[in-house]
Amino acid sequence: MTASHSSTATSAVDASDTILELRNASVTYDDGESYVLDDVSIDIERNEIIGIVGESGSGKSMLASALLDAIPDPGLLSGEVSYYPEGGERVDVLDLDGASLKELRWEEVSMVFQGAMSSFNPTMKVRGHFEETLDAHDADRTAGMARARELLEDLYLDPQRVLDSYPHELSGGMQQRALIALSLVLEPDVLVMDEPTAALDLLMQRSILVLLEKLQEKYDLTMVFITHDLPLVASLADRLAVMYAFELVEVGPTEEILGHASHPYTRALLNATPNLDAPLEEMEAIEGSSPAPVNVPEGCSFRPRCPLADESCRVDAPEHSTVVDDHSVACHHWEDSAGEIPLNYAPDGGTSADVDADGGTPDGMDADGSRGGGER
Amino acid sequence: MSHYLAKRTARVLFTVYLVATFTFGMIRLLPGGPLTTLRVKLARQGMDPDQINAYIENYQNIRPDATLLEQYQSYMLSVAGGDLGRSISLDEPVTNILAEAVPWTVFVVVVSTVLMFAFAVLFGAMMAYWEGSRFDQALTGVSILSASVPFYVLALLLVYFLGYQYQVLPTGGTTGLAVEKELSVPFVMSALEHAILPVASFTITGMGVQALAMRGNSIQVLGEDYVRVARLRGLADRRIATRYVGRNAILPMYTGFLLLLGFNLGGTIILERIFSYPGLGFYMFKALKARDYPLMMGTFLVITVALVVGAYVADLTYSKVDPRISSGGSNEAY
């Protein structure tokens with residue numbers, strides 16, 4: 001998947017301008033007994049929005065934390081994480097000492113955590129969070145707070161009211177937006193978001209996505225959007241990366257993944273997604289359950305649940321192979337998957353599925369057939 | 001808010017009224033009384049029984065034993081006016097005795113409770129920070145031991161060894177006999193010296209429970225997302241320790257602190273007896289032995305009022321300390 005990224009990728013993305021690079025990143029617990037991130041390599045391009053999709057416990061959050069070298073103790077991160085500042089030298093993230101790591105975090109690469117409600121100190125006003133962050137990074141308070149107010153306004157919040165509130169005085173959606181503003185207050189280039197909309201209702205999810213798109217344009221952000229909600233991120237992301245059992249199984253441009261998914265898991269996942277365009281009886285759950293970190297199957301980790309599995313899947317863990325251009329998949333039988341698992345929402349290879357028909361409209365949610373109708 | 005304040009204040013006054021009524025009633029339920037004591041005293045002096053009867057009768061004629069209701073009415077009226085009556089055994093106004101005794105007791109109780117919490121917060125935080133280490137295990141053991149020793153047992157040990165056996169610290173009194181009762185360096189030093197053992201008894205035995213509470217709270221807060229986010233935001237460890245972990249871990253202990261002030265006031269009855277420390281508890285014990293109703297009720301009243309006021313202050317100030325709690329009916333200490 002390090003293969004050349006063709007210019008067919010979304011126009012906003014400069015073909016080979018990588019900003020964050022993950023190479024063979026693994027996270028282990030229990031002295032290397034269990035892997036919660038297994039040999040993951042991915043390039044994140046400058047100014048793109050990449051969606052990392054996977055079910056609960058597939059290692060998504062670990063991938064997010066790895067980008068900031070922020071794996072919770074006692075997890076061990078190995079491999080290589082590189083950050084390329086605009087026009088600057090490569091930075092080896094795992095090699096940084098305390099002070100430089102502190103500079104990288106929040107000033108270059110920032111993060112929005114799962115559950116904004118628990119990300120604020122309950123006994124401190126929102127203003128305090130902004131001020132202490134600016135102070136900790138020796139940033140100018142006046143300019144910083146002015147930027148904070150602008151960010152809050154960009155997110156349709158009343159800056160005065162929000163800054164003077166305690167976290168519990170704000171609604172979930174307001175806290176989430178305030179947290180996004182807090183993560184952008186030091187003008188980072190990369191924003192990593194771990195399930196930023198998980199705790200919100202559908203309407204709030206939708207408006208946050210629209211706001212994120214605006215922010216990305218205004219501040220030239222690179223966004224890593226981690227979620228279990230495939231239709232949600234499909235409307236926003238330029239590229240998608242699918243995780244299964246602590247590995248990346250398929251990476252490619254959003255339209256490619258939705259229209260020509262090649263990994264059996266991705267295809268099954270798409271078929272398991274509620275979709276208004278497909279009759280309910282065609283919605284199929286994936287048999288079995290994903291493995292725990294302590295007993296990941298030998299060979300291909302999806303093998304026990306895969307209709308295409310054969311002897312080679314049991315013996316060899318599949319390498320990533322290129323489907324087209326920058327669409328890569330880790331499966332021995334990816335060429336047969338389309339025939340074996342037909343997508344239930346659109347004929348494979350036909351006109352682009354309506355899931356990605358208007359993926360670029362500001363009203364991102366429209367892109368996703370599964371969510372239309374019911375909300376208006 | 002002001003409505004709540006009025007309601008809460010009215011309840012304090014009502015509680016105090018009830019307490020005064022109950023103390024009045026319950027003390028009169030105790031067997032014996034000042035006249036019985038007087039009778040025994042006279043009999044011991046070898047007075048003729050007939051003579052004693054006449055004497056007591058005479059005494060009763062001078063101050064006829066009024067009905068309980070009349071006694072109650074006059075007592076409540078004078079209490080409302082700040083007059084707690086005259087001590088029978090010490091022959092002095094109760095308010096005078098209390099004015100002399102209360103400052104010493106307050107001094108011992110406040111100092112020991114504050115020290116108890118200060119050490120508990122410090123040790124508890126350290127145990128949480130090094131959770132699972134040898135240090136944590138050792139200190140947890142010590143805390144449980146400290147929590148299981150009653151303060152009067154420790155007090156007896158302290159006064160026996162440090163007071164009588166090794167004679168490093170005084171065994172009684174609030175200050176040395178030779179020290180003038182005025183605000184001067186020798187007076188303060190002497191007062192501190194006399195307070196060491198009583199304060200230590202309370203502090204050491206009360207610390208364990210609070211330290212374990214602080215440990216538990218801190219471990220919980222350390223696992224919160226906002227602490228992790230604060231670290232990623234690059235905040236200094238010091239700020240995270242105080243503003244994030246410390247504050248959020250100490251908050252739940254705040255009400256307990258104010259209530260403990262009141263409870264410890266009650267504990268002084270035994271403590272001050274052991275150290276012959278003439279404070280509130282010391283006089284209360286005296287009053288109990290002498291069946292000295294006015295003094296007994298006066299001391300009782302001070303202790304219970306202190307407890308009620310402690311809960312009152314906790315309720316009213318908690319919303320100031322913890323922004324999540326707004327003053328209202330549902331989050332009271334009692």
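Predicted model: local features only at pLDDT ≥ 70, side-chain atom pairs only at ≥ 80, totals over all residues.
Helix α1 of chain A, residues 60-67, is largely enclosed by the rest of the structure, because eight of its eight residues are buried. A residue counts as buried if 20 or more other C-beta atoms lie within 10 Å of its own. The buried residues of α1(A) include the charged residue Lys60(A), together with Ser61(A), Met62(A), Leu63(A), Ala64(A), Ser65(A), Ala66(A) and Leu67(A). Just after α1(A), the backbone at Asp69(A) takes a positive phi of about 50°.

Positive phi values also occur at Tyr156(A) and Glu187(A), neither of which is a glycine. The table lists the phi values.

| Residue | Phi |
|---|---|
| Asp69(A) | about 50° |
| Tyr156(A) | about 60° |
| Glu187(A) | near 55° |

Tyr156(A) lies in the loop between α4 (141-154) and α5 (159-163) of chain A. With 13 C-beta neighbours inside 10 Å, Tyr156(A) counts as partly exposed. Glu187(A) is placed in the loop between α6 (172-184) and β7 (190-194) of chain A. Glu187(A) has 16 other C-beta atoms within 10 Å and is therefore partly exposed.

Key: Residues numbered from 1 in each chain as written. Chains lettered and ligands numbered in written order. Helix = DSSP H or I, 4+ residues; strand = E, 2+ residues; numbered from the N terminus. Buried ≥ 20, exposed ≤ 12 C-beta atoms within 10 Å, placed from the backbone.
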